[in-house]
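Q: Please work through the model shown below, taking the helical packing, the contact between the chains, the cores and the strands in turn.
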Amino acid sequence: MEGLDLESVIERARSHDADALAEIYRRYVRRVFGLCRYMLESRESAEDATSEVFLRLRRSIESYDGSIPFPRWLLRVAGNECIDALRRQRRGRRVIVEVEDRGTAVEAPSAESSPLSVVMRKEERLDVRDAIARLPENYRLPLVLRYYSELSYEEIAQQLDLQRNHVAALIFRAKQELRRKLAHRSK
Amino acid sequence: MNCYSEQVCAIFVDRELAVHEARRLRDHLVTCPRCRGMVDALRAENRVLGESLRELPEEAVLGFPRSRLSWVWGDVAASAAVLALMSILSVWVDKLRIPEALEWLNPFSTNGVTNLIFNLSYYFAHGGTAMLADYAAVVGGIFLLLGIGALVLGRRWRLHHPVFHLLIVLLLLSLPSFALERRHADFVAVAADETVDDSLLAAGNTVRVEGVVNGDLLAFCRNLEVRGNVKGDLVSFAKRTVVSGTVEGRIYNFSQSLDLNGQLGHSIYGWVQSLRVDNRAKVGEGIVVGGGDVSLEGEVKRSATIFAGNVDVSGTIGRDLAMAGGSLTLTNAARVNGNLSARVRQLKDVHIADGAIVAGKRDIQVRVRQSPFTRPRFYFHQAVWLAATMLVGWLGLALFPGFFQACSRAVGAGWRSLGLGVGVLAGVPIVIIVAAITLVGIPASLMLLAGYLAAIYMAKIWVGAFLGRIILKPSGVTKRDWLLGLLVGVLILTIVGFVPYLGGLVRLAVICLGLGAFAWQAYWVSRTATTA
C-alpha cells in the first residue's frame, strides 16, 4: 500500500478499504494534526479534532470529487472540524464575531510594517511559528487557513461564516500584527 | 498614476484580486519600481509564512499520538493508585460497622476469606509485592527528585491527573463544610422530577438516580442505577452499577460489574470484574481499567487501556487500544482509529475479524515468562535501581548514621520486626485515611503517607545491610563495611526476588521486616527524646 499512488489509495478508501484508510491516516496525520494544533488552544483538543477527522473520513471521503487536490480537501475538512470544535466551546456562537473595516488606506512605511525579510534561518522560522501561535484567534485562524491549508479567501469566508473582504482584511492585519511581534522580539 | 495600497498588493500576491484589477496592477508594476519592490517583498513574506507553518510544531514532530512512555506511566500510576486505594478502603471498611448490603465488599467475612486467600496467593505469586515495592520505589524516587529539582518540577507540576481528581473528590467529600447531602436507606431514590443541588452520598441496598445530581455522586450499595443525570463525577462502590443516563464527569469504579448504556462526559477509571460499554453508550474520553471481562460495544472517543482476562471490542475506539491480559477479540464491527497493542500469553488468544479496522499499527506481543532475563534492558534497569538504592543508603548513612545502623541491627530481632512490620503495613493506611477525614488531619495524613512510602522503599536497605553483615561478618563497623554489606545484601535480595512464587513472598517479608525495624527504632528514638 505504501508504494501506491494517491489516486488508487483514495479510490480504495472510498470503498471503505481499511488498509487504504490506514494509509491515508499514515500519510496525512501529521499535517492534519499540525493544522488542528495551530487552530486550537490545547494539544488535547487538537488530538480530539484530529481523531474526529479520521474517524469520519470513512464516510466523508465519499464526498471527495477530485476537483481539488486531496491534501487541500482533507485540510479543509480538518479546518471545518476545528471551527466546529471552537463553536462547541463557545456554545454555538460564531468563532470570529465582528470585523471593523479599516478600509484600504496606505499604511505609512516603517520598520515594523514592512514585509518580513526573505532570508530566514531555521531558528527564525521557529520565532515566526511562535509569534503566529500568540496571535489573537481572529487573526490566527484566517492566517493559518490561508498559508497552511492554502484555502482561498472564499473558502475561508465560508468556513468562518464571514464576508470575503473581511477575510482579506483579517489576513492583512494578521500579517501586520505578526511583523510587529517579530520586530519587538528582535529588539 | 497613483500607487496601490499594501493591502491591495497583498491581495494580488494571494491571487485573490479580481481579474481586471489584477491586470491593471500588473501593468502598473512594469512602470513603478516602488510597487514592484512591495509585491516582491510580500511574495517573499508569504513564502516565509508557508515554510514556517509547514515546519510543524515540535510536539507534532515527536509523533502522533503522544509518546507512549508518558501515558504508560500515567496509566500505571493511576491503576496502582486505584488498586492501593481500594485495598486501603477494604481494610478500613472492615474496621467500621458495615451494613449487610455491603458485606460482599468485606474481605474478612466468612465468604470473603476463601476468596481473599486465593486472591492473595495469586497476587503474590504473580509479583504483586514486586509491584508494591516498585511503586514505593517510584514514589521514593519522586521525593528524591523533588528534593533535588523542586523548582523545575514545581513549574511543571499539573494537578490534572485522574488520581488527583479522585483524591480531591474524596478529600472534599470528607470536609465537614462541603455541601454534601447524605441519604441512607434500604432504597435510596432521586426521583425523575428531583434535582439534588449538592454532591450526594448515598448508601443502601439499591440506589436509583432518575433525576439530576448537580454535584458528584458517591454510592455505597448493592445496586446502583443512574438513569438521570449526574453532572459531576460518579464514585461507585456498588456491587452492580448500571449507567443508562448521563454522567458528565468521570466514573471511578470500584464495583464488581459496570454496565454503561448511556453517555459519559469524561473517562472511566477503576477495577472491575465485568465492564460492558453498550452499543448505545458513548465515552467522551478514555478508559483505564483492570478487570476480568471487558466488552466495548459503544464508542470511546480517546484511548482504551485495559488489563483484563478477556477483552471484546465491537465498537469504536477513537485512538489507541492497549491491552494486556488473557484474550482479545475484535469483531467485524470493531474500529480502532489509532494503534492496537496487545500483550497476551498465546497468539491464538487474539482474534481480529477481517472486517475489523485498525487504522494505526498492530503490535501484538506474546508474553514469555523468561523473556525479561534475556533482554539487556532488564539488567540495565536493575543496575539503575541498585545504584539508586545504594545512593539512598549512602545518603541515609551520611545524614543519620546512628539511626540507619540501628535500623539494620533491629532487623535482627526477627519475629518482633516481622510482626510489627505486618501491623505497620496494614495499620498505617487506616490511620492515614482516618486522619484525612478531618480538615486538620490532612497535612498530617499526607506527611504520614510520604513517610510510609519512603519507609517501604528503604525497608530493603535495612534488611539488605543486615543480611550483608551476616554474610560478610566484618570486623569493624565503618561506613565502608556497612555499604559493602548493603551492596551484597541488596544484590542477594534482588536475585532472590526473581525466583518464581518464592520471590514475591520474600519481597513481602523484606518490606515487613524493614518496616518493623524502622517502627521499633522510631519508637525508641521518640522514647529516648521524651525521657531526656
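A: Two strands are said to pair if DSSP finds at least two bridges between them. The model is a predicted one, and strand E19 (residues 316-317) of chain B pairs with strand E21 (residues 335-336) of chain B in the parallel sense over 2 bridges.

Q: Which residue in E21(B) does Thr316(B) stand opposite?
A: E19(B), residues 316-317, is paired in the parallel sense with E21(B), residues 335-336. Within E21(B), the residue opposite Thr316(B) is Arg335(B).

Q: Which are the edge strands of the open sheet of 10 strands in chain B?
A: The strands of this sheet follow the order E3-E5-E7-E10-E13-E15-E17-E19-E21-E24 (chain B), and their pairing is parallel. An edge strand here pairs on one side only, and this holds for strand E3 (195-196) and strand E24 (357-358) of chain B.

Q: Which residues of strand E2 (residues 187-190) of chain B form the covered face, and which the uncovered one?
A: In a regular strand the side chains alternate between the two faces of the sheet. Along E2(B), Val188(B) and Val190(B) make up the covered face, while the uncovered face consists of Phe187(B) and Ala189(B).

Q: What is the bridge partner of Ala189(B) in E4(B)?
A: E2(B) pairs with strand E4 (residues 199-209) of chain B in the parallel sense, over 4 bridges. Ala189(B) belongs to the uncovered face of E2(B), and its bridge partner in E4(B) is Arg208(B).

Q: How many helices does chain A have?
A: From the N terminus on, the elements of chain A run α-α-α-α-α-α-α-α. Chain A has 0 strands, and its helices number 8.

Q: At what angle do helix H2 (residues 18-39) and helix H3 (residues 43-60) of chain A pack?
A: H2(A) passes H3(A) in a right-handed crossing. The contact involves, among others, Leu21(A), Val29(A) and Phe33(A) of H2(A), together with Ala46(A), Val53(A) and Leu57(A) of H3(A), and its residues divide into 12 nonpolar, 1 polar and 3 charged. The axes of the two helices are 9 Å apart, and the packing angle is about 145°.

Q: Which helix gives the most to the side of chain A that touches chain B?
A: The contact between the chains joins 38 residues of chain A to 33 residues of chain B. H2, H3, helix H5 (122-133), helix H6 (137-147) and helix H8 (164-186) of chain A each supply at least two residues of that side of chain A, which by class has 23 nonpolar, 6 polar and 9 charged residues. The helix that gives the most, with 10 residues, is H2(A).

Q: Which residue of chain B is in contact with Val144(A), leaving aside neighbours within four places in sequence?
A: The largest nonpolar core has 129 residues, and Val144(A) is among those that touch the most other members, as are Val32(A), Cys36(A), Ala219(B) and Val289(B). With those sequence neighbours set aside, the contacts of Val144(A) are Leu35(A), Tyr38(A) and Met39(A) in chain A and, in chain B, Leu53(B).

Q: Why is Trp385(B) classed as it is, with 17 other C-beta atoms within 10 Å?
A: Trp385(B) is found in helix H11 (residues 376-399) of chain B. A residue is buried if 20 or more other C-beta atoms lie within 10 Å of its own, and exposed if 12 or fewer do. Because the count for Trp385(B) is 17, this residue is partly exposed.

Technical notes: Residues are numbered from 1 along each chain as its sequence is written. Chains are lettered from A and ligands numbered from 1 in the order in which they are written. This is a predicted model: local features need pLDDT of at least 70, side-chain atom pairs count only at pLDDT 80 or more; totals for chains, interfaces and linings use all residues. Axes are lines fitted to C-alpha atoms, for helices over the stretch in contact, and angles run from 0 to 180 degrees between N-to-C directions. A crossing is left-handed if the near helix is turned anticlockwise from the far one by less than a right angle, and right-handed if clockwise. Two residues are in contact if their C-beta atoms, placed from the backbone, lie within 7 Å. Ala, Val, Leu, Ile, Met, Phe, Trp, Tyr, Cys and Pro count as nonpolar, Asp, Glu, Lys and Arg as charged, and the others, Gly among them, as polar. A nonpolar core is a set of buried Ala, Val, Leu, Ile, Met, Phe, Trp, Tyr and Cys residues joined through C-beta atoms within 7 Å.
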